[in-house]
Amino acid sequence: TNCTQESGTYLEGLLHDQLAAHRCATQHLDVHLLEYLHDTLTALATGGKHVRCRLVHLAAGQPATRAACVFGACVDLLHSAFLIHDDIIDEDLLRRGEPTVHALAIEALRERGASRPGIDGTSLGLLIGDLAMSYVYQILAEADLSPNLLRQAVGMFGTISAQTIIGELFDVEHNALHETHIAHIARSNHLKTSWYSFVLPLCLGAAAAGRDPEAFSSIGIHLGKAYQAGDDLLGASTTGLSGKAASDVEAGRATLLTAQLARGLSVEEATANV
């Protein structure tokens, strides 16, 4: 836990410094909205359960190295970028029971009398997500770590980020076409969740400790499949556990559970299968 807090403190400090640098670079412009959205990014990145950051430190072991601290901050920030984009794709207005970044941007523009707050607020949310992703590589570029380790980490982030985006691309297609082929949905889940949420942090932690990252890949893949199945079950409810405004069933999303329901199974049968 202390190691995770160290990564979080490091990340919060970096985001604070980045905002200060942006203020200096745009000193003649109104940066109120940038500051506001940057604060929402910081709250998102430093909140939550920090599952991915914890996995980095778990794989790295004790005592925590500087590399594990840096990588833990990076996976939390990458996760935040994907959450922001995912909320836009799914049109979710709540995350962890609070307004999503693009929902806050829409409301901020509406209060300022913008002519099309929905479109432009969503665009602002998208850009804040892009900014978060760019910060990941800036952190790595400026980290005081060995060139070989940094090259290895950048390669992991680049490859697995691309796999996640491809998985999300397939997910959008599945939702658009009302995909009910369970194997296709499972493959999309695997690409968009298993790799960046479990394989990446475990392999980064192993690399930080000088271990072979490949030894952790299969563990991460199986954990990711289990996690996504659990998340699909959680997403079927609006009891407040998911922190979202609408369930996957209500929103018509293609998940492992909704694909089972589309075949005429009862909720009990579909849940048991998942």
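Which residue forms a salt bridge with Asp30, and how far apart are the closest N and O atoms? The partner is Arg112, with the closest N and O atoms 3.4 Å apart, where a salt bridge is a side-chain nitrogen of Lys or Arg within 4 Å of a carboxyl oxygen of Asp or Glu. This is a predicted model, in which local features need pLDDT of at least 70 and side-chain atom pairs count only at pLDDT 80 or more, while totals for chains, interfaces and linings use all residues. Residues are numbered from 1 along each chain as its sequence is written, and side-chain values use heavy atoms, with hydrogens and water left out.

**Helix packing**

- Helix α1 (residues 2-25) and helix α2 (residues 32-46) pack at an angle of about 170 degrees, with their axes 10 Å apart; the axes are lines fitted to C-alpha atoms over the stretch in contact, and angles run from 0 to 180 degrees between N-to-C directions.
- The two helices α1 and α2 are therefore roughly antiparallel to each other, a term that applies to angles over 145 degrees.

**Salt bridges**

- The structure holds seven salt bridges, and one of them joins the side chains of Arg23 and Glu35 at 2.6 Å, N to O.
- Arg23 lies in helix α1 and Glu35 in helix α2, 12 residues apart.
- The side chains of Arg110 and Glu107 also meet in a salt bridge (3.2 Å, N to O), and both residues lie in helix α5, three residues apart, about one turn of the helix.
- Asp86, Asp87 and Arg95 are linked in a network of salt bridges.

Key
Helices (H or I, at least four residues) and strands (E, at least two) are DSSP runs, numbered from the N terminus. Angles under 35 degrees count as roughly parallel, over 145 as roughly antiparallel, 65 to 115 as roughly perpendicular and the rest as oblique.
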